[in-house]
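This report describes selected backbone, packing, interface and charge-pair features of the structure shown below.

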2 protein chains.
Amino acid sequence: MLDLSLYLVTDRGLTQGRSLTDIVGHAIKGGVTCVQLREKNCSTREFIAQGKALRTILHTTAVPLIINDRVDIALVVGAQGVHLGQKDMSILDARNLAPHLIIGVSVENVDQALKAQAQGADYIGISPVFLTPTKTDTAQALGLAGITAIRQAVTLPMVGIGGIDAHNAAQVVQAGCDGIAVVSALMAAHNPFQAAQELKNIVHLAKEKS
Amino acid sequence: MLDLSLYLVTDRGLTQGRSLTDIVGHAIKGGVTCVQLREKNCSTREFIAQGKALRTILHTTAVPLIINDRVDIALVVGAQGVHLGQKDMSILDARNLAPHLIIGVSVENVDQALKAQAQGADYIGISPVFLTPTKTDTAQALGLAGITAIRQAVTLPMVGIGGIDAHNAAQVVQAGCDGIAVVSALMAAHNPFQAAQELKNIVHLAKEKS
């Protein structure tokens, strides 16, 4: 069973010179339940090398590795899943290529969520929940009402992403998300272990209440 | 049997507003024997759409479609092969993922050619044969002597790429290449059909002589 409680999306631009695998390793010990490797500006060979490095770290844990966009890289590194954006491969094509992979899909509204569910996605990442200063190319923020609207439309497991941190994580879960996905709240954290612990506790408490 | 005589590598930046599929279609009628779809700055979904469009054109011909870099896209569009650069997936990984695909590899020197042969590449693309004004990030030009050195080192089918046009194509074949790969000589040609016919004739004549 996929645990989306605390979903880490990597961003090597935020590591401030630290090793990506170190940050992920500490964050997992702190409670991260799912890791997505996202690389946008590197060669295939480098992407694979990063994927294999994370796979090694995750190998002895129950935490699945999800690869952003690239089904071929997910297969080569032995990841458990692939995460597809609206401009990536279709769910159907990905499922045909790799029937055993977890397939996650990014959605920005109810229509995309319904389509993802109809096409057999395993979970959805809904974004942007809140506006973030670093990501200006995304759609209007969903807000808590947007989360609830998507929650009422689909039964798929769903994780919110975009501007989520310790201050608003509980609201995101109470509005209907099964967990939170974060980038900077863990990648840029001074202490990723502690930051993960704190976020995990907030999500767990919010789940108990809802 | 793979015919590398006239190998077209696409570049949408050179189409001057014309449709990529139209240019490729005319070039095939003129004698292109192999088509590689190369996309560097588009989404996976758009890359797949281009690949499927070319697959439709090539479907009724004996001309294979080769996808640059992306094994997953090659599989989704039903291409016959994948072309790997030195920073792309390894030959071994690609072969494991897709045993039936033709695997081509870009090499810039004898060592890389020997390695590609040892790892089971189906053909190599050697580059840059000549310097091109538009590509400044590549290694020193191999020249005709460089072609011959690689020809003497490996038995793999090989195609030269980089600055090849009607004026120097014959020399490239006589130096040891099984064919020529071109980008701008066809993609930017005013009449791709005629340009392909001319190049094909030059390669055939040169092959008869060598």
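In chain B of this predicted model, Gln16(B) is placed in the loop between β1 (6-9) and α1 (20-30). The phi angle of Gln16(B) is near 50°, a positive value in a residue other than glycine. Most residues other than glycine have a negative phi, and most peptide bonds are trans. With a relative accessible area of 63%, Gln16(B) is exposed.

A positive phi also occurs in chain A, where the value for Asp69(A) is near 75°. Asp69(A) belongs to the loop between β3 (65-68) and α3 (71-77) of chain A. The relative accessible area of Asp69(A) is 12%, so the residue counts as buried.

Pro128(A) sits in the loop between β6 (123-126) and α6 (143-153) of chain A. Pro128(B) likewise lies in the loop between β6 (123-126) and α6 (143-153) of chain B.

**Packing of a helix in chain B**

Which residues of α1(B) are buried? They are Leu20(B), Ile23(B), Val24(B), Gly25(B), Ala27(B), Ile28(B) and Gly30(B). An α-helix has 3.6 residues a turn, so residues three or four places apart point the same way. The buried residues of α1(B) pack against β1, β2 (34-37), α2, α8 (184-187) and α9 (192-209) of chain B. After α1(B) comes Gly31(B), whose phi is positive, near 130°.

**The interface between the chains**

Contact between the chains involves 19 residues of chain B and 19 residues of chain A. Together the two chains bury about 1600 Å², and 54% of this area is on carbon and sulfur atoms. Arg45(B), Asp72(B) and Met89(B) supply 32% of the area that chain B buries against chain A, more than any other three residues.

On the side of chain B that touches chain A, the elements giving two or more residues are α2 (44-58), α3 (71-77) and α4 (91-97) of chain B. The residues of that side divide into six nonpolar, five polar and eight charged. Four salt bridges are found across the interface of chain B and chain A. Arg70(B) forms a salt bridge with Asp69(A), with the closest N and O atoms 3.9 Å apart. Asp69(A) in this pair is the buried residue with the positive phi described above.

**Salt bridges**

Over all chains, the structure holds 14 salt bridges. Side chains of opposite charge can pair when their charged atoms come close. The table lists selected pairs.

| Salt bridge | Closest N to O distance |
|---|---|
| Glu46(A) and Arg12(A) | 3.0 Å |
| Arg70(B) and Asp69(A) | 3.9 Å |

Within chain A, Glu46(A) pairs with Arg12(A). Glu46(A) lies in helix α2 (residues 44-58) and Arg12(A) in the loop between β1 (6-9) and α1 (20-30) of chain A, so the pair ties together parts that are 34 residues apart in sequence. Glu46(A) is partly exposed, at 37% relative accessibility, and Arg12(A) is partly exposed at 29%. By contrast, Asp72(A) and Arg70(A) are both buried.

Arg95(B) is partly exposed, at 23% relative accessibility, as is Asp122(B), with a relative accessible area of 30%. In chain A, salt bridges that share partners join Arg12(A), Glu39(A) and Glu46(A) into one network.

**Cysteines**

How many disulfides does the structure hold over all chains? The count is zero. Cys34(A) is in no disulfide, and the nearest cysteine sulfur, that of Cys177(A), is 14 Å away. Cys34(A) counts as buried because its relative accessibility is 0%. In chain B, Cys177(B) is in no disulfide either, the nearest cysteine sulfur being that of Cys34(B), 14 Å away. Cys177(B) is buried, with a relative accessible area of 4%.

Note on methods
Residues are numbered from 1 along each chain as its sequence is written. Chains are lettered from A and ligands numbered from 1 in the order in which they are written. This is a predicted model: local features need pLDDT of at least 70, side-chain atom pairs count only at pLDDT 80 or more; totals for chains, interfaces and linings use all residues. Side-chain values use heavy atoms; hydrogens and water are left out. A disulfide is a pair of cysteine sulfur atoms within 2.5 Å. Buried means under 20% relative accessible area, exposed over 50%, partly exposed in between (1.4 Å probe, protein chains only). Contact means heavy atoms within 4.5 Å. Buried area is the accessible area (1.4 Å probe) that two parts lose on being put together, summed over both. A salt bridge is a side-chain nitrogen of Lys or Arg within 4 Å of a carboxyl oxygen of Asp or Glu. Helices (H or I, at least four residues) and strands (E, at least two) are DSSP runs, numbered from the N terminus. Ala, Val, Leu, Ile, Met, Phe, Trp, Tyr, Cys and Pro count as nonpolar, Asp, Glu, Lys and Arg as charged, and the others, Gly among them, as polar.
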